[in-house]
Amino acid sequence: MKTETIVSIKNALGGRLEIVRQTFPAHNGKPTKRISFVAGLHGDELAGLYLCHLITRALRELQDTQPEVFLGEVNIYPAANPAGIHSANRLWPFYGLDMNRVIGQESGHSVGSRAASQLYRDIIKRSEYAVDIHASNLHFLELPQIRVIEEFAIDLLPLASETNADLIWVHPMAGLFESTLGYNLNQEKIPTLVVETGICHRIHPPLIEPLYRGMMHYLRHLGILDANYLSPETVRPPRVLYPKQVVQATANHSGLFISRVQAGETVHAGQVLGQIVDAVEGEVLEDVAAPAAGLLFTLREHPLTHAGALLARIAWDSES
Ligand SMILES: [Zn+2]
């Protein structure tokens, strides 16, 4: 494993903020293909850091015991927004900069936007494939899923199906994606899977470890690791979701949402997902019912709820 610092910024008080790349080179020096894993672009989304830890640990062991299996090159950027991570902040602090909203823009001159553009250039130089790992925001817990913008679906669906994700959610393009890492890499013909799992500020191993096994399989599938000399990982075929199959439960009242289900459960139409309660008057304002049958893949974790807020998403099972 070769460690390289690709961004190094001196702090006002002398320390440094650094973005590090770990590279596992091809055994014979001529990589068949190269892949990059990126985590922590949003500094409070820690699931990807743990996923990178698991992948790095496994690859280090392989390098020690079976170095010949590295036919391609693996690059890992485990902490892409070090300033955000150190302050448990989604954004690059002080500037309030979202590193995943300035990619490909070349317009900003703040420290964070320069770091984002150096990171982007480094990934482009070293990748034929990429995986950008995110977690949800403070409000929701998500089952492991890969989000695919419609225009890239033909290329990405077969790849995303090899990662052991529970779901692939194919959704239309929206303006805000134009400055994301995933969109820009895909535009550059570097097939990039955008992973979303768990919730920010937390690490849920059961939502990350299946993806770890999936990514180790993906490396074999792409021929970056030599599958002939490694025992296979089994991956499940994911459920592919299009917008019409995503059904939302939303709040009719403002209050505290007390859920009675877990993400990953299969629910039936009308099943009570939880209640919205009023802490001041001691009233139950609403029993929240599942609007459709299917797999509950997004669940509100933050109880403070306003009328109209999203409470849950269900992958609609149209046959039941
Ligand atoms: Zn994110």
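Let me start with a loop, the one between helix 5 (181–187) and strand 8 (192–199), because that is where Lys189 lies. This is a predicted model, and in it the phi of Lys189 is near 65 degrees, a positive value in a residue other than glycine. Most residues other than glycine have a negative phi. Lys189 has 8 C-beta neighbours inside 10 Å and therefore counts as exposed.

Ala88 sits in the loop that runs between helix 2 (82–86) and helix 3 (111–125). Is Ala88 buried or exposed? With 12 C-beta neighbours inside 10 Å, Ala88 counts as exposed, since the cut-off for that class is 12 or fewer.

Let me now step back to the whole protein, which has six helices and 17 strands. For 320 residues, a compact globule would have a radius of gyration near 20 Å, and the 21 Å of this protein agrees with that. The C-alpha atoms fill a box of roughly 65 × 50 × 35 Å, taken along the principal axes, and 44% of the 320 residues count as buried. If we take the contacts between residues at least 6 apart in sequence, 68% of them join residues that are at least 24 apart.

Turning to the strands, I would begin with strand 3, residues 34–39, where six of the six residues are buried, so that this strand is largely enclosed by the rest of the structure. In a regular strand the side chains alternate between the two faces of the sheet. Which residues cover the two sides of strand 3? Arg34, Ser36 and Val38 are on one side, Ile35, Phe37 and Ala39 are on the other, and all of these are buried. Strand 3 is joined by five bridges to strand 4, residues 73–77, and the two run parallel; within that pairing, Ser36 stands opposite Asn75 of strand 4.

Elsewhere, four strands form an open sheet in the order 14-13-11-16, with antiparallel pairing. Its edge strands are strand 14 (283–289) and strand 16 (304–305), each of which pairs on one side only. Strand 13, residues 272–278, pairs with strand 14 in the antiparallel sense over six bridges, and there the bridge partner of Val277 is Val284 in strand 14.

Next, the helices. The axes of helix 1 (residues 47–65) and helix 6 (residues 205–221) come within 10 Å and cross at roughly 45 degrees, which makes helix 1 oblique to helix 6. The crossing of helix 1 past helix 6 is right-handed. As for the residues that meet there, helix 1 brings Ala47, Tyr50, Leu51, Leu54, Ile55 and Ala58, while helix 6 brings Leu207, Ile208, Leu211, Tyr212, Met215 and Met216.

Finally, I would like to look at Ala153, which is found in helix 4, residues 153–160. With 16 C-beta neighbours inside 10 Å, Ala153 counts as partly exposed. What is Ala153 in contact with, leaving aside its neighbours within four places in sequence? The contacts are with Val148 and Val170. Ala251, by comparison, is 98 residues from Ala153 in sequence, and their C-alpha atoms are 32 Å apart in space.

Definitions and conventions:
Residues are numbered from 1 along each chain as its sequence is written. This is a predicted model: local features need pLDDT of at least 70, side-chain atom pairs count only at pLDDT 80 or more; totals for chains, interfaces and linings use all residues. The radius of gyration is taken over C-alpha atoms; the globule rule is 2.2 Å times the number of residues to the power 0.38. A residue is buried if 20 or more other C-beta atoms lie within 10 Å of its own, exposed if 12 or fewer, and partly exposed in between; C-beta atoms are placed from the backbone. Two residues are in contact if their C-beta atoms, placed from the backbone, lie within 7 Å. Two strands pair if DSSP finds at least two bridges between them. Axes are lines fitted to C-alpha atoms, for helices over the stretch in contact, and angles run from 0 to 180 degrees between N-to-C directions. Angles under 35 degrees count as roughly parallel, over 145 as roughly antiparallel, 65 to 115 as roughly perpendicular and the rest as oblique. A crossing is left-handed if the near helix is turned anticlockwise from the far one by less than a right angle, and right-handed if clockwise.
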